[in-house]
Amino acid sequence: MEVFDPAWRAASLAGAADSSEMRRRLVHVGMGIFALAVVSFWQTLLMGLSGLALAWVLPKWMPSLLRPHEQAQGYSVGVIAYPAAVVVLTLIFPKDLWVVAGGWAMMAYGDGMAVVCGQGIRGPKLWWNPRKSLFGTLGFILFGWLGTLVTVLVVGGHPFTPLGLALVILAAAGVAALLESLPYDICDNPLVAGSAAGVLFLATQLDWTAWQAAQAGVLARLPLALALAVVLGLVARATKSVDWSGALTGAGFALILYATLGWLGVGGLMAFFIVGTVASKIGYEKKRAKRTAQEIRTWRNAVANAGVAALCAPLVVLTPHAGLFTVAVLGSFAAAASDTVAGEIGRVYGGVPYSITTWRRARIGDNGAVSVVGLLAGLLTAIGFGALAYAAADTDLHRAAWCIAIGGMGGNLIDSLLGATAENAGYLDNEAVNFVCTLCGALLAVLLFAL
């Protein structure tokens with residue numbers, strides 16, 4: 001299911017989607033057959049590029065494939081994003097084409113059949129997203145798992161036993177289905193393909209030896225991790241800056257971060273929360289008068305700002321790349337904090353902001369609006385989070401300070417660019433933009449550290 005369309009999704013969940021939507025779903029699922037033909041890099045890239053051309057031309061031949069809100073513009077972002085995801089995965093994993101085929105198949109069969117199952121089988125809605133149904137999500141997992149398993153077995157090249165492959169793909173289907181079910185307004189074709197491919201690739205990096213070396217430390221930290229999670233959750237709720245869902249989600253993240261990374265991990269989370277809370281309180285009355293004040297945060301905000309860190313933290317103890325994933329955790333927090341502080345301080349002291357894409361004057365609080373004061377505040381915050389690297393026991397991580405600072409500021413700028421473009425166009429909502437911001441901060445920091 002691509003770009004958020006409230007009217008269609010409501011009809012779909014009620015079982016009232018029209019035949020044109022079903023044709024669209026059949027094309028979506030049917031394109032997964034071509035994933036079986038993944039053989040070489042150039043051949044796969046050519047298929048993806050050909051799909052991009054077809055995605056542009058096909059709706060002109062078959063306008064019934066377009067939803068009502070897409071017919072005026074003559075194209076569908078979701079349809080174009082489908083082959084675009086294949087192209088990007090091929091460029092990222094040129095030597096692991098089975099990963100490309102797996103991400104492609106999950107997007108085709110999992111995402112495609114989620115709509116069919118959710119529409120065809122009446123059932124309870126998901127509590128975290130009433131627009132999605134339980135049977136739709138279960139259909140995603142079942143058909144995504146089966147279709148991807150068959151596809152990868154045919155393509156070959158994976159390093160797993162048949163049973164191991166089945167379990168890894170089941171995990172990928174579960175992660176992709178969970179992300180697809182979150183109540184974020186986002187084009188989810190690349191989200192599904194990318195998350196599934198990411199899980200498949202990361203599974204090849206898991207190292208039993210690394211876990212054995214880290215196991216004693218993780219188990220020793222667990223009791224204090226539980227106590228910290230409870231205390232931090234209660235403190236966060238007491239500040240009235242988050243609701244109970246946000247406090248519980250943050251507490252869960254604190255548990256993961258301390259158990260895997262110790263004080264360095266939970267310190268990053270606490271620093272982000274403190275800096276973000278203080279920044280949001282500065283000039284609060286002025287921001288509230290202008291209707292730009294940050295409302296109480298929920299679990300959606302927690303996932304958007306700390307979800308990447310919580311996903312990377314377990315990989316510190318499960319892979320031989322502890323340093324890289326530690327940098328990723330800190331880079332994601334640096335980006336989240338830099339973006340938050342830049343926005344909060346800029347709204348109060350930044351004066352007249354300017355659009356980051358056109359450099360024309362913008363209104364305070366507009367998506368993509370930036371100010372010199374706000375950017376400087378964001379830069380100083382990113383540098384501060386880079387300094388956290390010096391708290392690491394591994395002295396090799398000390399040189400990551402500048403990588404984390406640059407990654408944090410880079411994520412901040414990407415957030416503004418996406419706000420001015422994708423968010424204003426309705427392709428992403430604020431939480432989705434924030435999640436991408438932290439992801440880019442983590443990736444940029446890791447890239448620089450690995451150089």
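# Salt bridges, helices and a surface patch

Asp366 counts as partly exposed, because its relative accessibility is 27%. That value comes from a predicted model, as do all the others here. Asp366 has a charged partner, Arg363. The two form a salt bridge, with their closest N and O atoms 3.5 Å apart. Arg363 is exposed, at a relative accessible area of 63%.

How far can the model be trusted? The average pLDDT of the protein is 89, and 90% of the residues score at least 70. Residues 1-17 have a pLDDT below 50. In the model this stretch still has 53 contacts beyond near neighbours in sequence. Where pLDDT is low, predicted coordinates should not be read in detail.

Back to the charges. Side chains of opposite charge can pair when their charged atoms come close. How many salt bridges does the model have? The count comes to six. One of them joins Glu180 to Lys132, with 3.2 Å between the closest N and O atoms. Glu180 sits in helix H8 and Lys132 in strand E2, so this pair ties together parts 48 residues apart in sequence. Are the two partners buried or exposed? Glu180 is buried, with a relative accessible area of 5%. Lys132 is buried too, also with a relative accessible area of 5%.

Another salt bridge pairs Arg300 with Asp429. Here the closest N and O atoms are 3.2 Å apart. The pair links distant parts of the chain, 129 residues apart. Arg300 belongs to helix H14, residues 299-318. Asp429 lies in the loop between helix H17 (401-423) and H18. Both Arg300 and Asp429 are buried.

Elsewhere, salt bridges that share partners join Arg300, Asp429 and Glu431 into one network.

Now follow the chain into helix H18, residues 430-450. Asn434 is found in this helix. Asn434 counts as buried because its relative accessibility is 7%. Which residues does Asn434 touch, leaving out those up to four places away in sequence? They are Ala304, Asn305, Asp339 and Asp415.

Helix H7 covers residues 134-155, which makes 22 residues. From first C-alpha to last, H7 reaches 31 Å, close to the 32 Å expected. Its buried residues include several glycines: Gly136, Gly139, Gly144 and Gly147. Thr137, Thr148 and Thr151 are also among the buried residues of H7, as are Phe140, Leu149, Val152 and Val155. What do the buried residues of H7 pack against? Their partners are helix H6 (97-120), strands E1 (125-126) and E2 (129-133), helix H8 (162-181) and helix H9 (188-203). After H7 comes Gly156, with a positive phi near 75°.

H8 has 20 residues. It reaches 28 Å from its first C-alpha to its last, close to the expected 28 Å.

Helix H12 runs over residues 263-281 and has 19 residues. It reaches 26 Å between its first and last C-alpha, close to the 27 Å expected. Its buried residues include Leu264, Gly265, Val266, Gly267, Gly268 and Leu269. Further buried residues of H12 include Phe272, Gly276, Thr277, Ala279 and Ser280. Just after H12, Gly283 takes a positive phi of about 65°.

Val27, Met31, Ile33, Phe34, Leu36, Val150 and Val154 form a nonpolar surface patch. Together they have about 580 Å² of accessible area. Leu36 lies in the loop between helix H2 (19-30) and helix H3 (41-61). At 34% relative accessibility, Leu36 counts as partly exposed.

Another loop lies between helix H16 (372-386) and H17, and Asp394 is found there. Asp394 is partly exposed, with 41% relative accessibility. Gly323 is 71 residues from Asp394 in sequence, and their C-alpha atoms are 8.2 Å apart in space.

Terms used. Residues are numbered from 1 along each chain as its sequence is written. This is a predicted model: local features need pLDDT of at least 70, side-chain atom pairs count only at pLDDT 80 or more; totals for chains, interfaces and linings use all residues. Side-chain values use heavy atoms; hydrogens and water are left out. Helices (H or I, at least four residues) and strands (E, at least two) are DSSP runs, numbered from the N terminus. Buried means under 20% relative accessible area, exposed over 50%, partly exposed in between (1.4 Å probe, protein chains only). Contact means heavy atoms within 4.5 Å. Patches are made of residues with over 30% relative accessible area and no salt bridge: like charges are joined within 9 Å, nonpolar side chains (Val, Leu, Ile, Met, Phe, Trp, Tyr) within 5 Å. Accessible areas come from the Shrake-Rupley method with a 1.4 Å probe; for residues, only the protein chains shown count as cover. A salt bridge is a side-chain nitrogen of Lys or Arg within 4 Å of a carboxyl oxygen of Asp or Glu. The expected span of a helix is 1.5 Å times one less than its number of residues. pLDDT is the predictor's confidence in each residue, from 0 to 100.
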